[in-house]
Amino acid sequence: METVKFTLRIVRKRPLRSLLTVLQVALGVWIVAIILSLNFQASGRIDDAKRTYGGSLAKIVVAQYEEIAGYRFMMSSASNLRYGDLARVQESDLIENAFIYRDLWEQQVTVRGLTYLVKAAAETTSEYADAIGLELVEGQFFTKADEQQRSRVVLISEVVAEQLFPNQSALGQILDLGDFGEGSWEFEIIGVYKLYPPLLDLFITQPHLIFPLDATRTWMSLGDSEPLYHSLYIQTKPDRVYEAVADVQILLADRATDDLEVQGEYFEDSTSYLSDQVQDITLILGAFAFIAVLVSAIGILSIMLVSVVERTREIGLRQALGATKGVIIWQILNESLVFSCVGSALGLGAALLSANTMLTLIMAQATYVKFGSVGGLHPLAAALAVLVTILMGQLFGLYPAWQAAKMTPVEALKLG
Amino acid sequence: MSLWEQLKWSLRHSARQLLESILVVFAIGLGVGVLVTVLAMFLSMNEEFNKIGRIDYFRTLEIQGKTEAARWGSAPIALLGTDVSDHEWGASLSKIMELQQQLPSSMHVFVENGWAAASSLLPEEGGEDYYFYRGNEVFITGTLPEYFRFHDGVFKAGTYFLTEDVLSGNRVLVLSELLAEELFGAEPAVGRTVPLSVDDGEPLKFTVIGVVGPVSEDDEYSVFSGARMAWAPLTVSPFYRSAGEEANFRRVNVGVDQEVDLAQALGLVQSEASLIWGEGTVIVESNLDFWREATKTMQRQGLLIGLLASVGLFIAIINILNLMLARLLKRTKSIGLNIALGSSRWMVFRQFMMEAVSLGMAGALVGIALSFAFAELLKNSLSLFATAKLGARIGLGVAMGFVVSLLFGVYPAYLGSLINPVEALRNE
């Protein structure tokens, strides 16, 4: 009680000084909380994505190797998968779903006489929607029958729907792909889907038009031979992705030859670069934050020193009246603790309000990856920021406290 | 009291509270150091960007069809219009030459059509650039004479080919300096023939008419500095030979000389091109836009990082303001005495400012020194280039120190000059 009164008296006597001290602590807490939150939230988003897709999603390709100067290099991947392989990989107990995915890169479509270029289009099989968890805004995905008959149906992304059919339903509308000597190619829109959840597009390109497999291929480009595909995706039982790929390598062993090899590509690999980037940003900004806290602790140290000198007389009197060194140290430390706590509360409040904006801003400027919402203040970050600030404040408060305690009452009263 | 004396007096004051002053100087130093490092880094990046902005690539305008432009744009869906046939936009050789005639001689219309060709004069193993050529291949750029009039290069021997060579499809070749050396060593290359074959076809004989190199050895951006590079008339390209008279090019470049304003050139090319290829079907796009966008992004990043980096300095300012106010409180009595003895208020103000500025400057010096250590750390841990010039760093540091001392010095100095001597002396 006595110590609290001691501190409150300072606040009443020197309001501006107390305010400034609290303010610098608050700034330090704010920046540490923001930057730690950035690290935790961004890594958290990456981990979330890894948990959702990483353990259960893999891309199967047939890699082409070439020997150069005695070493085998992977040069490219060959289109050497067939439609029947889809059923063959399902023989593995570990694989729940599989789909073939053919990137069309771009597609020209005509709607009501106006032609557009859509930059990312794809053809796939009916399992795709379930395997990646595609969310539909309206309509439905195409069926196995649509896929096998190469029905002229298409699903469009909400971005494309917004541009082509603003304020109206896109269902039942027709996309004209042009005339390839067989009359006009008209595809009926049967569904509109949401864009991928964050980070999935690092692994599978985000399409804006989805057609049934081979539905947009002309007879000319198909020819008489069986069509070949470049990649096939598998969705496995949770965390069994590596074993599942090993299964696929056995099941599709006939697709491999001397220089061709069936291989898996994993979600983890596509996010490692992003994880590194988040680490780098945290390291740089973390250094700024550390220096900010250091400066703020130095501030507490110097202002406590002043405060001790100002109260030399009071401290001397207390000692003369029987206060032990321990009590004096405790009083001075308590003062810096109060400043640290009030400052922390203020800083956390500011962080809580600004974290969302700051995090989104920093991630958008630094990574070019669509994170969606990165999230706000992370509880662990908040706790760490307060802990670091209070520890630093107390550590730096020790010196002035010790200075105060080592005064002898006679000296102190004489000097004062 | 002269300024010098005031400085001595304030230094003595600071020395009396040595620990306090050292802490303050260190705090400013940390704040200034971080900010100087960040600013220096962005200054040097900016300089690099400006250097890059002057190279030929960014002085080149591109004419392309709407589809091609949409393909390279960032929007997921782009409107092409009502009258889009399946046939994409393309420019024929005669139309390209027509455009050149309409433009002033400071603007150079050319196309680039590259291919790799093997030569029996080169060793089977030896090519190192996997993407352009392998083994005994040479990368040949099929182009027009304007290409050489636009790109700065030095002809070591001979010269480039002319429009007549292009029109009659003469098999002539300009070699890069390094390739000429690899093929013929010290012997003169001009007049020699080089057999070149594409896809294991029959070798065709090309006559060397020139050897070209970059203007200076360290010009890393020069198009003429490659090892296995050669240039030939566009019409001898395998692409052109198979397409014949109807050969169309999807991209036409217009190189603009340094002395011409790019925006003006853009307008001129736009209007001339639409006369030739029709209104609205042609888009002239400057590579410089990408560069501008990249520069802007970099500056936004710099601003953000700078803001975060300045939090430390801001805390330091609060910290010092606090300390100066405490010092003022302690010296109220002596200032009151000074004023009572006839010292002017202006003098008191100046005294306090002097103290603040000397602390700020000492902090700035520490900050500049620290910034070198920080830059070294950044270079080692993140391989960022933080190599701004010494002068820029010192300038930045000193300016920051000065601004900082103004920020924390003015208010306490102003308060000091307001002291009422009677009250100051009466109060304990």
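Predicted model: local features only at pLDDT ≥ 70, side-chain atom pairs only at ≥ 80, totals over all residues.

Is Leu199(A) buried or exposed, going by its C-beta neighbours inside 10 Å?

Tutor: Leu199(A) counts as buried, because it has 22 C-beta neighbours inside 10 Å and the cut-off for buried is 20 or more. Its place in the chain is a loop, the one between β10 (184–193) and β11 (209–212) of chain A. The backbone here deserves a look too. Leu199(A) is not a glycine, yet its phi is positive, about 75°. Most residues other than glycine have a negative phi.

Compare Asn167(A). This residue also has a positive phi without being glycine, with a value near 60°. Asn167(A) sits in a loop as well, between α6 (158–164) and β9 (174–179) of chain A. The surroundings are another matter. Asn167(A) has 5 other C-beta atoms within 10 Å, so it is exposed; the limit for that class is 12 or fewer.

Another positive phi in chain A belongs to a hairpin. The hairpin is made by β1(A) and β2(A), with 2 residues between the strands. Ala69(A) takes a positive phi there, near 50°. Strands β1 (residues 57–68) and β2(A) of chain A run antiparallel and are joined by 7 bridges. In that pairing, Tyr65(A) stands opposite Met74(A) of β2(A). Strand β2 (residues 71–78) of chain A is hardly covered: of its 8 residues, the count of buried ones is 0.

Now step back to chain A as a whole. Its secondary structure comes to 13 helices and 13 strands. The radius of gyration is 33 Å, well over the 22 Å that the globule rule gives for 416 residues, so chain A is more spread out than a compact globule. Along the principal axes, the C-alpha atoms of chain A fill a box of roughly 110 × 60 × 40 Å. The domain assignment divides chain A into domain 1 (2–52 + 272–415) and domain 2 (104–235). Leu199(A), in its loop between β10 and β11 of chain A, falls within the bounds of domain 2. The C-alpha centres of the two domains of chain A lie 55 Å apart. Buried residues make up 42% of the chain's 416 residues. Of the contacts in chain A between residues at least 6 apart in sequence, 80% join residues at least 24 apart.

Chain A also touches chain B. The contact takes 42 residues from chain A and 39 residues from chain B. On the chain B side, α2 (18–53), α3 (66–72), β2 (77–81) and α10 (287–330) each supply at least two residues. Helix α10(B) gives the most, with 17 residues. That side of chain B divides into 27 nonpolar, 8 polar and 4 charged residues. Strands pair across the contact too. Strand β5 (residues 114–118) of chain A and β2(B) are antiparallel, with 4 bridges. Ile77(B) is the bridge partner of Val118(A).

Follow α10(B) into its own chain. This helix lies across β1 and β12 of chain B, at about 45° to β12(B). Those strands belong to an open sheet of 4 strands in chain B, in the order β3-β11-β1-β12, with antiparallel pairing. From one strand to the next, the twist averages 25°. Helix α9 (residues 262–277) of chain B lies across β1 (60–65), β3, β11 and β12 of that chain, at about 160° to β12(B).

Finally, chain B as a whole. It has 14 helices and 12 strands. Its radius of gyration is 34 Å, well over the 22 Å given by the globule rule for 428 residues, so chain B is more spread out than a compact globule. It is divided into domain 1 (3–52 + 293–426) and domain 2 (57–286), and their C-alpha centres lie 56 Å apart. Buried residues make up 39% of chain B.

Conventions. Residues numbered from 1 in each chain as written. Chains lettered and ligands numbered in written order. Contact = placed C-beta atoms within 7 Å. Nonpolar A, V, L, I, M, F, W, Y, C, P; charged D, E, K, R; others polar. Pairing = 2+ DSSP bridges. Domains from an automatic or database assignment. Axes fitted to C-alpha atoms, helices over the stretch in contact; angles between N-to-C directions. Rg over C-alpha atoms; globule rule 2.2 N^0.38 Å.
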